[in-house]
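Let's walk through this structure together, moving from single residues out to the way the parts of the chain meet. Have the 3D view open as you read.

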Amino acid sequence: MTITLTCFEKSPDGGRGLARDTRVRWALEEVEQPYEVRGVSFPAMKQAEHLARQPFGQIPVFEEGEFTLFESGAIILHLAERYGGLLPPDAHARSRAIMWMFAALNSVENPILDLQTAKFAEGDKPWAAERMPLVVDRIKQRLALLQDHLGDSEWLDGEFSAGDLVMISVLQRVKPSGILNEFPKLAAYVARGEARPAYKRAYEAQYAYNNPEATA
Ligand code: GTB
């Protein structure tokens with residue numbers, strides 16, 4: 001059955017791969033499943049047709065026949081459970097890979113998203129400059145401990161897993177701020193993820209989708 005992924009009609013990042021469809025595209029490439037893309041405009045995202053698929057009016061959405069899933073983490077977990085390659089066969093290792101997905105989405109993504117909020121939604125508030133160092137410090141504390149844990153390992157827990165895929169996607173969001181470069185082992189970890197052929201295919205596909213004139 002055809003898989004359809006709903007993405008931004010035109011991503012505000014111009015195809016830099018920072019919107020959350022890229023992590024799902026990456027997972028689809030890792031498990032070698034073809035998919036079609038449905039683009040949705042910002043106004044259409046808030047209309048009933050899209051809200052029926054994604055109650056918060058966001059992307060990405062995964063559909064396969066009558067089956068619909070939202071939340072990038074849930075979509076990636078579904079793909080990882082259904083197809084081989086993103087979760088280890090050993091039961092405990094599998095649970096730990098899923099634990100890292102949750103860690104990425106709960107413990108690491110939240111402070112990183114706070115930086116986006118502080119910059120873009122609250123940047124003009126009179127208290128914004130005072131708050132910013134606190135926001136940045138919270139990210140750095142998390143990244144320092146994550147880097148200590150990763151050490152010189154290639155991936156978080158043995159072989160590359162859905163846990164690494166989600167963690168690397170989350171860490172990519174701090175690249176533009178320059179903060180990631182203060183953590184060279186994490187920067188190298190992200191670069192290892194980005195060097196995977198499946199990631200490259202996902203990145204190129206989303207770039208081509210967002211820049212049809214450049215790739216025509
Ligand atoms: N928890 C949900 C998930 O993981 O699927 C979060 C989904 C989400 O935040 N989607 C964003 C969205 O639809 C797109 S990815 N936003 C529109 C809205 O809420 O109205 C976030 C994003 C947007 C833009 C950039 N960018 O331009 O760099 C990067 C990331």
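Arg25 sits in helix α1, where helices are DSSP runs of H or I with at least four residues and strands are E runs of at least two, both numbered from the N terminus. The model is a predicted one, in which local features need pLDDT of at least 70 and side-chain atom pairs count only at pLDDT 80 or more, while totals for chains, interfaces and linings use all residues. Residues are numbered from 1 along each chain as its sequence is written, and side-chain values use heavy atoms, with hydrogens and water left out.

Is Arg25 buried or exposed? With a relative accessible area of 2%, Arg25 is buried; the term covers values under 20%, exposed means over 50%, and partly exposed lies in between (1.4 Å probe, protein chains only). Setting aside neighbours within four places in sequence, Arg25 is in contact with Leu5, Cys7, Tyr35, Val37, Ala202, Ala205, Gln206 and Tyr209, contact being heavy atoms within 4.5 Å.

Now turn to Phe42, which belongs to helix α2 (residues 42–45). Phe42 is partly exposed, because its relative accessible area is 44%. Beyond its neighbours within four places in sequence, Phe42 is in contact with Phe8 and Pro12. Its C-alpha atom is 8.8 Å from that of Gly57, a residue 15 places away along the chain.

Next, step back to the domains. The chain is divided into domain 1 (3–85 + 198–209) and domain 2 (91–196), with bounds that come from an automatic or database domain assignment. Taken over C-alpha atoms, the centres of the two domains are 21 Å apart.

How do they meet? In domain 1, 16 residues are in contact with 20 residues of domain 2. The size of an interface is often given as the accessible area lost when the parts come together. Here the buried area is about 1600 Å², with carbon and sulfur atoms giving 61%; this is the accessible area (1.4 Å probe) that the two parts lose on being put together, summed over both.

The rule finds 3 salt bridges across this interface, each a side-chain nitrogen of Lys or Arg within 4 Å of a carboxyl oxygen of Asp or Glu. On the domain 1 side, the elements that give two or more residues are α1 (21–30), α4 (72–82) and α9 (197–210). Of these, α4 gives the most, with 5 residues.

Elsewhere in the list of ion pairs, Arg196 forms a salt bridge with Glu30, their closest N and O atoms being 2.7 Å apart.
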